Amino acid sequence: MNSITRPLTPSAENRGFEPFVELDFPVINGQVLPADHNYGLYAAFVHLIPELRQHPELAILTVPGIKDQQGKIHLTRQSLTRIRVPISKIPLVYPLAGKKVKVGVHEIQLGIPTVSMLCPAPTVRARIVTIKGAMELGSFIASAQRQLDNLGIVGHLSVPLNRDGQPSRKVIKIQRYTVVGFTTEVTGLSDEHSLLLQQFGCGGKRHMGCGIFLPHQEH
């Protein structure tokens, strides 16, 4: 098996929660962004909408593009940023539509978003999950296990291996600091548990693209 796995165990019954939705803002103008723009994108959004600071439940996915191996990504027609919020918070983030967003020295413009409900999937994956104090694989898996147990999620937690056969370790820069995390996958989820994990995520810094799970096709 091409991963390091540990089973998740159930805990207390899940409590009621407000459903989340995903707003996908297309990038309608702009060519380049830093490859690591987790913090920069969030900071740019807060500059436009300062109230975002008061809502740590927001999940902001970074913009995908084509890496140039020089610390940048080139944007394509498919480039967009996804923001997950409780339904009641749609009016908070919708005003980003049409705005010019400056990330460092680079500028992009966002279009009108499409709004959709989250879709359950038996396998979900987060590109990076960061947990304070869990910089090594063993402590990370144990900490992630506890967080998912607290949500009552039953599945199998894994850290996939990279092309070199090592656990997929990622880093992001937040101002002067470097934050370490791991790519994380959970399989064997029920629809209910898949939605729970997609809504609440795992670890911290979800507003900077961390701990956000997307449906993933198993190969």
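**Salt bridges and a surface patch**

Counting by a side-chain nitrogen of Lys or Arg within 4 Å of a carboxyl oxygen of Asp or Glu, we find four salt bridges. Keep in mind as you look around that this is a predicted model.

Let's begin with Arg84 and Glu22, whose side chains meet in a salt bridge at 2.9 Å, N to O. Arg84 belongs to strand 7 (residues 80–86) and Glu22 to strand 2 (residues 20–29), so this pair ties together parts that are 62 residues apart in sequence. Both Arg84 and Glu22 are buried.

Now turn to Arg82 and Asp24, where another salt bridge spans 3.9 Å from N to O. Here too distant parts of the chain are linked, with Arg82 in strand 7 and Asp24 in strand 2, 58 residues apart. Arg82 is partly exposed, at a relative accessible area of 27%, whereas Asp24 has 14% and is buried. Taken together, Glu22, Asp24, Arg82 and Arg84 are linked in a network of salt bridges.

For a further salt bridge, find Glu185 and Arg125, whose side chains meet at 2.5 Å, N to O. Glu185 sits in strand 14 (residues 177–187) and Arg125 in strand 11 (residues 124–129), a link between distant parts of the chain that are 60 residues apart. Buried means under 20% relative accessible area, so Glu185, at 10%, counts as buried. Arg125, with 27%, is partly exposed.

Tyr94, Ile112 and Val115 make a nonpolar surface patch of about 280 Å². Of these residues, Val115 is found in strand 10 (residues 114–117), and Val115 is partly exposed, with a relative accessible area of 42%.

Notes:
Residues numbered from 1 in each chain as written. Predicted model: local features only at pLDDT ≥ 70, side-chain atom pairs only at ≥ 80, totals over all residues. Heavy atoms only, no water. Patch = residues over 30% accessible without salt bridge, like charges linked within 9 Å, V, L, I, M, F, W, Y side chains within 5 Å. Areas by Shrake-Rupley, 256 points an atom, 1.4 Å probe, with all protein chains shown as cover. Helix = DSSP H or I, 4+ residues; strand = E, 2+ residues; numbered from the N terminus. Buried < 20%, exposed > 50% of the residue type's maximum accessible area, 1.4 Å probe, protein only.
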